[in-house]
Amino acid sequence: MKLEKWQGVVGQLVIDNDKAIIASDDEMKDVASLKGQVAENGKPVEEMRHKLLRDTMRKQTNVDVLKVKQHFEKSHDSENAEKVNNLNPGKPAQQFKQIKNEALFFGQSFLEGFLGVYGIEVDNAVERYENRLHVLETQYLDQEYPEKKYYIGRIKNGRSEIATSEIQSREVAEAELNKFYAKTPEQEQTQLQQSVGLQQHDKKEQVDE
């Protein structure tokens with residue numbers, strides 16, 4: 001049974017064979033319980049990895065009220081475009097709550113338009129994350145002394161793609177990743193190969209158990 005944590009993603013996956021669950025820090029204290037939870041409630045690994053990433057992006061994504069206004073203007077919906085001016089600044093959850101609390105004023109069509117813009121922003125955030133490399137931390141929980149291992153890789157459509165061999169620490173992995181993105185696009189591939197023994201990108205290793 002394996003723990004999987006991705007840089008910039010809130011939470012962690014616990015993977016056993018082809019199933020996974022999203023676990024909290026408190027749940028990590030009871031490995032036996034986690035194994036039972038995966039067996040009983042686990043879902044396909046790729047599905048849960050994508051859910052974990054998307055949930056993080058949903059929490060981190062803000063909605064530009066100007067984009068909401070433009071959405072209605074493009075639809076020639078001047079009434080809802082004008083209502084945007086009454087939307088309080090803040091995070092989408094707070095704005096969504098305001099719209100629900102003032103449903104008589106905003107109406108269902110405004111809510112649908114707002115959620116449509118929000119969904120697009122979340123999709124874009126997920127895509128940006130998937131198009132970049134990140135540090136991956138893994139740990140085999142059923143070992144007596146589980147050792148953390150670090151790699152550089154990416155998530156693509158819920159799949160885990162590993163670009164390097166094991167790296168000795170998170171700090172080294174993050175430093176090499178920073179160097180990688182400081183290079184020009186033409187230098188990026190050779191940068192990681194030279195510094196941490198990057199495997200060829202066409203031989204990416206899958207880490208799903």
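This is a predicted model: local features need pLDDT of at least 70, side-chain atom pairs count only at pLDDT 80 or more; totals for chains, interfaces and linings use all residues.
Residues are numbered from 1 along each chain as its sequence is written, and side-chain values use heavy atoms, with hydrogens and water left out.

Let's start with the whole protein. It has 8 helices and 8 strands, both taken as DSSP runs numbered from the N terminus (helices are H or I with at least four residues, strands are E with at least two). Of the 209 residues, 40% are buried; buried means under 20% relative accessible area, exposed means over 50%, and partly exposed is in between, using a 1.4 Å probe and protein chains only. Now take the contacts, meaning heavy atoms within 4.5 Å, between residues at least 6 apart in sequence: 56% of them join residues at least 24 apart.

Next, the empty space. Rolling a probe the size of a water molecule over the atoms shows where such space is left. A pocket here is an open set of points on a 1 Å grid over the protein atoms alone, where a 1.4 Å probe fits, with protein on both sides within 12 Å along at least five of seven lines; lining residues have an atom within 4 Å of a point. The largest pocket holds about 190 Å³, a volume being the space filled by probe spheres set on the points. Its lining is made by Arg58, Lys59, Thr61, Lys91, Pro92, Ala93, Phe96, Phe114, Leu115 and Tyr118. Helix H2 (45-60), helix H5 (92-101) and helix H6 (103-130) are the elements that each give two or more residues to that lining. By class, the lining has 6 nonpolar, 1 polar and 3 charged residues, with Ala, Val, Leu, Ile, Met, Phe, Trp, Tyr, Cys and Pro counted as nonpolar, Asp, Glu, Lys and Arg as charged, and the others, Gly among them, as polar.

Two of those helices also pack against each other. The axes of H5 and H6 are 7 Å apart and meet at an angle of about 150°, so H5 is roughly antiparallel to H6 (that label applies to angles over 145 degrees). The axes are lines fitted to C-alpha atoms over the stretch in contact, and angles run from 0 to 180 degrees between N-to-C directions. On the H5 side, the contact includes Pro92, Gln95 and Phe96, and on the H6 side Phe114, Leu115 and Tyr118 are among the residues involved. The classes in this contact come to 10 nonpolar, 3 polar and 1 charged.

Now for some single residues. Lysine 35 sits in helix H1 (residues 31-41) and is partly exposed, because its relative accessibility is 39%. Beyond its neighbours within four places in sequence, lysine 35 contacts Met1 and Asp16. Aspartate 16 is 19 residues away in sequence, yet the C-alpha atoms of the pair are 7.4 Å apart.

Finally, the backbone. Most residues other than glycine have a negative phi. Asparagine 17, in the loop between strand E2 (12-16) and strand E3 (19-23), has a positive phi of about 60°. Histidine 76 also has a positive phi, near 60°, and is found between helix H3 (65-74) and helix H4 (78-83). Asparagine 17 counts as exposed because its relative accessibility is 54%, and histidine 76 is exposed at 74%.

Notes: Angles under 35 degrees count as roughly parallel, over 145 as roughly antiparallel, 65 to 115 as roughly perpendicular and the rest as oblique.
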